[in-house]
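I opened the file and kept notes in the order in which I looked things up. The entries follow.

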Amino acid sequence: MIEKALLKERFVKWVLIAFALSSLLFLFLIFIFILAEGLPLFLKVGVGNIIGGFKWAPTRGSFGIFPMIVSSFLVTIGALAIGAPMGLSCAIYLSEYSGKKTQMLLKPALELLAGIPSVVYGFLGVIYIVPLVRNYLGGSGFSLLSTSIILGVMILPTIISISFDALISVPKTYREGSFAMGATKWQTIYKVILPSAKSGILASFILGMGRAIGETMAVIMIAGNALKIPGSILDPLRTLTGNIALELSYASGDHRLGLFSTGVVLMVIIMILNYIANFGIKRKIAK
Amino acid sequence: MRRINPRFIDKIVQIVFNMQAFFTVSILIVIVAIIFIKGFPYVNPEFIFASPEDMGRHGGIFPSIAGTIQLALLSILFATPLGVGTAIFLTEYTRESTFTKLIRFGVESLAGIPSILYGLFGFIFFVIKLKMGWSLLAGVLTITIMILPTIIRTSEEAIRSVPRQLRIVSYSLSATKWETIKKVVLPAAAPGILTGIMLSIGRAVGETAAVIFTMGSSLRLPLSIMDSGRTMAVHFYILAREGISMEKAYGTALVLVLSILSINVLAYYVMHRAISKYS
């Protein structure tokens, strides 16, 4: 009887270890299969001709994705320019100005923004933002600006919830000390709270960037998908994610491999961003 | 130069932050309001229970609703045991070590991968290499991996918040570790785990990029796991992008957003009740 129970305990433990290892296995599979499809073309065409190449004509042997790399960074910076100030000030409002009740109501409500699917954001962008840009600023409206606006809104939940956590974890004694010195609320926020929460806020920006650069469906609906580096904020552009999503369903042969090479570049960028964000968060906790 | 009174600045700043928060909340309200107002006229029983005709120009969206439910529930079926099992292992069976750090690294990395890369992986691995073709099964397996980190994180948090005393009492009654977990820890952590499951369902329902390249976009109702099908999100995307029908697109968007919002609101409600129970 006891032996049977012990056997069962041991069995359960091994099953759980196997389950825990599955995440690592999946990560490994994702890496291996995207690399296995994406790397051969780097060797065949040359790393420089892909990463530094300007021309994307995959059916005629040109696999340059430099304009898309630049475009991906441009929309990400654009999204951050809109989402970061809005998100951070919203987080400051929630942690420093609003009452407990407002906080309890607003925080989950804002997190619901994250639940709205990206296709819906893209659709609303096409219907409302694109015509607005076209009519008042010119161009086709499918542009860097429109994409940045929509992505800026889409990364708000990430920025708000992570920088809110950073702000709220600043010890109460810091605030009290500052008030005791006769500082006003804004002086306290600006000189004491923000500097203490700096790394968490930075991490929220970087995770927001990761979300923006990985966003696909909303982007292909509003970016215009043109194959060149945009010359102004009103020009259309194509991102790395957009390139994959637009062509994967019909690509074959080297063309398909080219899309996996695009995926490899995207994966490397995301990994670097996540590493920086995690490093920032760890430092905050260590402090 | 005259110094501006700091108290005056303080007042201005407060007004600015209030306005800013109000603005951000109004964006949310406007988005939801547009979808409701524009979509409401087109949603009726026929729209929900009829099949689409002429690529979705007429008729309803029933197959895509069914496809969405199939995809979400089957993914949860696979991801829940894997995710909760991982969480149990991380909280109950080990101390912090290189091994747990490695697993945590795996989970964090999976959480950071954008959905298009899941689509790319699911396409090459499940659809092509394992020869599943565009099918419900390929979609389910891809989404399972994608939602796994959410389930692991929320379950871990829920299991950690179960008071130690409960475990000690159970051990003192000579229960084994697994009995304690099964009969004491898991029931106490159930609401938190449920929250994670519901948030994951919400994510599966709203996902497009990872689904469209694995499950495909067949308009027919998938009758077996090897059939292709489309979810509401994919259907909505195709309607909107190819300009097939604005009316049907708005209607689909309303059903889609309403389902996700209600699932998420329910998830927060369950979480809130669970938190107030222990504090």
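Entry 1, conventions. I take helices (H or I, at least four residues) and strands (E, at least two) as DSSP runs, numbered from the N terminus. Residue numbers start from 1 along each chain as its sequence is written, while chains are lettered from A and ligands numbered from 1 in the order in which they are written. This is a predicted model, in which local features need pLDDT of at least 70, side-chain atom pairs count only at pLDDT 80 or more, and totals for chains, interfaces and linings use all residues.

I looked up B:Pro149 and found its place in helix α6 of chain B, residues 136–160. Is B:Pro149 buried or exposed? I count a residue as buried if 20 or more other C-beta atoms lie within 10 Å of its own, exposed if 12 or fewer, and partly exposed in between, with C-beta atoms placed from the backbone. B:Pro149 is buried, because 24 other C-beta atoms lie within 10 Å. For contacts I use C-beta atoms, placed from the backbone, that lie within 7 Å. Leaving out residues up to four places away in sequence, B:Pro149 touches B:Val107, B:Leu110 and B:Ala111. I also checked B:Gly59, which is 90 residues from B:Pro149 in sequence and 38 Å away in space, C-alpha to C-alpha.

I fitted axes as lines to C-alpha atoms, for helices over the stretch in contact, with angles from 0 to 180 degrees between N-to-C directions. The axes of helix α3 (residues 62–93) of chain B and α6(B) come within 6 Å and cross at roughly 40°. Angles under 35 degrees count as roughly parallel, over 145 as roughly antiparallel, 65 to 115 as roughly perpendicular and the rest as oblique. α3(B) is therefore oblique to α6(B). I noted the crossing of α3(B) and α6(B) as right-handed; the term applies if the near helix is turned clockwise from the far one by less than a right angle, and left-handed if anticlockwise.

Helix α3 (residues 66–97) of chain A and α6(A) have axes that come within 7 Å and cross at roughly 55°. That angle makes α3(A) oblique to α6(A). I listed the contact residues, including A:Leu74, A:Gly78 and A:Ile82 of α3(A) and A:Leu144, A:Ser148 and A:Gly152 of α6(A). By class the contact of α3(A) with α6(A) has 8 nonpolar, 5 polar and no charged residues. Here Ala, Val, Leu, Ile, Met, Phe, Trp, Tyr, Cys and Pro count as nonpolar, Asp, Glu, Lys and Arg as charged, and the others, Gly among them, as polar. The crossing of α3(A) and α6(A) is right-handed.

I find 13 helices and 2 strands in chain A. Of its 287 residues, 48% count as buried.

A:Ala57 lies in strand β1 (residues 56–57) of chain A. A:Ala57 is exposed, because 12 other C-beta atoms lie within 10 Å.

I count 63 residues of chain A in contact with 65 residues of chain B. Helix α1 (residues 2–45) of chain A gives the largest share of chain A's side, 20 residues. That side divides into 43 nonpolar, 15 polar and 5 charged residues.

Note on methods. Two residues are in contact if their C-beta atoms, placed from the backbone, lie within 7 Å.
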